[in-house]
Each structure stands twice: as structure tokens, then as C-alpha cells.
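Let's take a walk through a protein model together. Have the picture open while you read.

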Amino acid sequence: MGTEPGMKWRRRMFSDSASGLGIGNELAYPPRHRTTCRVHHVIRLKPKHESHLQLLKSLKNKHGEQMEFWRKPTIPLQDVDVRLSPEVIPGILPLLNESGLLYDVMTDDLESLVSAERPKRSVADVVDVTESPDNFSLSSYHTYDEISDWMDGLIDKCKPDCDVFSIGDTYEGRPMKIIRIGKESVRRPVIWIDAGIHAREWIAPATAIYIISKLIDPDKSDRIARVLASRYTWYILPVANPDGYDYTWTMDRLWRKTRSHHKYSPCRGVDGNRNWDFHWGGEGTSDLPCNEDYRGDEPFSEPETRNIARLVFDEFLLTLQGRLAVYLSLHSYGQYWLTPWGYTYNVPPDYPDLVHLGTKATEAMRRTHGSRYQVGSSARILYLAAGGSDDWAKGVLGVKYSYTVELCDTGRHGFILPPHYITTTGDEMLEATRSLSLSVLRERRRAARKRRRYT
Ligand code: ARG
Ligand code: ZN
């Protein structure tokens with residue numbers, strides 16, 4: 001297996017020589033925590049007023065990488081999640097206490113969460129009960145090579161009703177593999193699902209994989225899955241950022257961006273969800289290559305976003321206008337079902353329809369395992385961020401039902417979601433997708449009836 005990926009993660013995150021907790025801070029920090037020194041914390045803050053937001057923003061500028069905002073400060077009363085490196089904890093927590101800025105410690109030991117996420121592969125794991133046809137466990141996370149091999153293995157099983165192919169190479173030369181499920185026919189509407197454009201959001205690819213396996217090999221009793229595979233053509237891209245994903249396995253579990261180089265900066269990567277050619281460069285994007293939300297030096301600067309856009313254009317838009325009925329992009333975390341727009345607080349004219357079907361989909365999720373999802377436009381319920389794929393799908397392609405789903409959880413584990421959440425999240429997303437696709441079929445049927453009546 002070569003090197004143990006978890007080790008590398010630890011090396012990078014814990015190798016600096018800054019002092020641990022407690023040193024010179026006897027009173028500032030409760031003794032209980034001193035035994036867990038040199039671990040990263042994730043805290044959730046509740047800024048009450050503008051001054052709290054200002055404080056957070058100034059800390060953000062001052063501490064750079066050591067204070068990583070997983071949910072950024074936006075408006076008062078909106079939660080903010082931050083990962084704190086061990087060196088800055090003794091300085092920052094007292095400061096927060098003084099300012100009256102309340103916070104909860106979501107985890108005071110991020111490292112053990114990360115190692116729990118990738119248990120040693122045991123025999124028991126390989127013969128897991130929730131497994132897809134070829135012993136590929138659906139209840140653990142997989143490396144890009146494993147996913148890629150698994151996808152290749154699917155071809156023989158499902159042809160001619162499905163196909164697996166590469167839509168082009170990544171910056172580092174990995175093939176981006178996609179699966180088509182359902183016959184290719186001009187008359188069939190298309191549902192698109194991509195996942196993992198942000199590398200560290202592991203639950204997203206895992207959920208896409210779960211959906212693929214349930215669509216191509218539905219449980220015996222699952223009549224609806226068969227119907228869906230027969231009414232739609234599905235295109236599912238489970239890992240939209242393979243370079244970044246691989247990097248999260250080998251070097252830095254919390255990497256978000258692609259892995260491209262930049263001319264004038266040593267920092268690498270572009271935020272794949274700020275790189276799309278629709279209001280590119282607007283609010284909530286950065287022009288600094290070292291930032292997490294770096295938009296790239298031009299729209300579609302990244303081969304990954306370009307490959308997707310080219311495929312979508314060639315297959316469905318230029319030739320088959322209007323086939324793309326649903327665009328879904330899977331992310332984590334927060335449990336949000338997001339609609340356009342992300343680039344402005346305004347909403348599209350058909351926003352009520354998007355919210356209506358989004359609400360039905362999230363109700364289906366709630367009925368499945370009880371999770372609650374919030375529905376609304378990205379800008380309104382999360383934050384402004386331009387150049388996202390969902391905005392592009394709606395704004396440029398005209399896909400009516402374009403959504404970004406921020407999967408489980410709401411922050412207890414955040415990006416480091418333990419593997420036992422995979423099947424429940426998968427079930428929920430499958431139910432949501434089912435609800436959405438049935439609603440869209442109904443809507444299309446109604447529209448067709450109307451057209452017949454009036455023409
Ligand atoms: N967390 C996602 C991101 O930051 C949300 C994207 C929502 N869509 C949007 N167009 N802003 O990329
Ligand atoms: Zn994301």
C-alpha cells in the first residue's frame with residue numbers, strides 16, 4: 001500500500017515547531033485541554049454584532065492558514081466555523097471570551113477524527129454487507145484509483161444501457177471518469193450529478209458512488225429506481241477534482257482547490273466553484289492564488305471545469321437543446337439545498353418552482369433518516385459566491401432545476417465525516433433525487449399536455 005496516508009496528513013499539520021497549548025497560558029486555558037495539546041480544534045462562533053464580524057475578519061487576516069474559515073463570517077447571527085491550529089489556540093480563545101463572542105468547540109481533536117475516517121482495511125470490511133456488485137464497499141471512502149477501477153469494472157455489467165468514459169484529463173493528467181446510465185436518446189431528459197469539485201468534501205463523491213450503484217443495480221423491490229433509469233439518461237461524475245481528491249488522501253486532508261500551478265505565485269490550485277464563466281470574478285471570489293476561493297486568472301482556467309463544460313455543451317446543448325432537466329452538484333457540509341443565484345442576492349424568476357421541488361426533495365430526505373436541510377438561494381442562506389457551476393448551469397445553459405446540495409452534517413464533524421454516515425447520506429440523497437426526478441417527469445408531462453391543447 002506504500003505510505004500510510006494518515007501519516008502524511010499528520011506530518012504536514014503537526015510538524016511545525018511552534019509551542020503547544022498551555023505554555024505561558026496557565027490560566028487562559030482549562031487544564032483538561034492541556035492533555036490534548038498540539039491538536040487542531042474546530043469551533044463554531046456565534047457573532048452577535050458587526051464588531052464581532054470585524055474581529056473575526058481581522059483575526060482571519062492576521063493568522064492566515066492557522067485559522068481556516070470553513071464557514072466564513074457574513075452577517076450577524078450566522079454561524080461561523082473555524083479550524084484553529086494548535087499554535088494559535090491559546091491566543092485566540094481568550095480574545096474571543098473577552099469580546100463576548102460565543103463559541104462552541106465542535107471538536108478539540110481533529111486528528112483522531114481524521115484517523116477514524118480511514119480505518120485499516122480488514123477482511124470484514126471487504127465483505128461488508130452494503131457492498132456493490134464487485135465487493136467495492138459502499139460504506140467506506142475510497143482513493144481515486146479505487147474509484148476509477150471500480151467505474152471501469154461497471155462497463156461490462158451494464159452495457160449497452162450505460163457507458164463509462166473519460167471526459168478529459170485533469171491538470172496532473174488523471175482521466176476524469178463519468179458514467180452514463182440509461183439509453184442515450186434525443187427524447188430522454190438528462191439528469192446530471194457531479195461531486196467533489198471541492199477535494200476535501202469526501203462525502204460528496206461517496207454519495208455519488210452510492211447513487212450510481214443503486215441506479216445500475218437496484219434492490220429487487222426498488223421499482224422506482226428501474227423507472228428512473230428507463231425514463232432519464234443520467235450522467236454522474238463522482239470525482240470532479242481528481243487531483244485535489246488524491247492530494248487529500250496523500251498530503252493534506254483539508255485541501256479544497258484544484259492543483260494547478262500559477263505563474264506568479266508559489267501557491268497552487270483554483271477554487272473549482274469560482275471558475276465558471278457566468279459572472280466570473282464577482283462577489284465572494286478572490287484574485288489571490290493563495291486564497292481558498294481563488295477564482296483562477298480567467299474563467300475556465302482549469303481543465304477540470306473546462307472538460308465538464310465542453311462535454312455538457314457538446315452532448316446536450318449545442319445538439320440537443322433543453323435535454324438537461326436537472327443539474328445537481330454535491331458538496332459538503334451544512335445540510336443546505338441551494339438554488340441559484342450565488343452571485344447576487346436576487347433570485348431567478350422561477351425561484352418559487354425551484355424552492356418547491358427543493359423542499360419536496362428535502363422532505364423526502366427527512367423521511368428517510370431524519371436529517372433536516374434548509375432550502376434557499378445560495379446568496380441568501382449561505383453567502384455570496386460568483387462563478388459557481390450551478391449558476392452557470394442555469395444562467396448559461398438554461399437548466400431550470402439547478403442545485404448545489406451541501407450534504408451532511410451541520411458541523412459536528414464537518415469535512416471529516418466518519419464513514420458510517422455514507423450509507424445514510426446516500427439513502428437520503430437517493431430519495432431526494434428520486435423525488436426530484438419524479439416531480440420533473442410530472443411537470444414535463446403536464447407541459448406536454450398543455451402544448452397539445454393549445455397548438
Ligand atoms: N459551498 C459552496 C461553495 O462555496 C456553495 C456554492 C453555492 N453556489 C454558488 N453559486 N455560490 O462553492
Ligand atoms: Zn464545496
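How many bridges join strand S5 to S6? Six of them do, and S5 (residues 162-169) and S6 run antiparallel. This is a predicted model, so to speak of local features we need pLDDT of at least 70, side-chain atom pairs count only at pLDDT 80 or more, and totals for chains, interfaces and linings use all residues. Residues are numbered from 1 along each chain as its sequence is written, and side-chain values use heavy atoms, leaving out hydrogens and water.

A strand here is a DSSP run of E with at least two residues, a helix is a run of H or I with at least four, and both are numbered from the N terminus. Two strands pair if DSSP finds at least two bridges between them. Look at Asp169: its bridge partner in S6 is Pro175. Five residues sit between the strands of this S5 and S6 hairpin, and there Gly173 takes a positive phi near 90°.

Now follow S6 (residues 175-181) itself. Ile179 stands opposite Ile236 in S8.

Finally, hop over to helix H15 (residues 422-454). Arg442 has its place in this helix. Is Arg442 buried or partly exposed? Its relative accessible area is 41%, so Arg442 counts as partly exposed.

Key: Chains lettered and ligands numbered in written order. Buried < 20%, exposed > 50% of the residue type's maximum accessible area, 1.4 Å probe, protein only.
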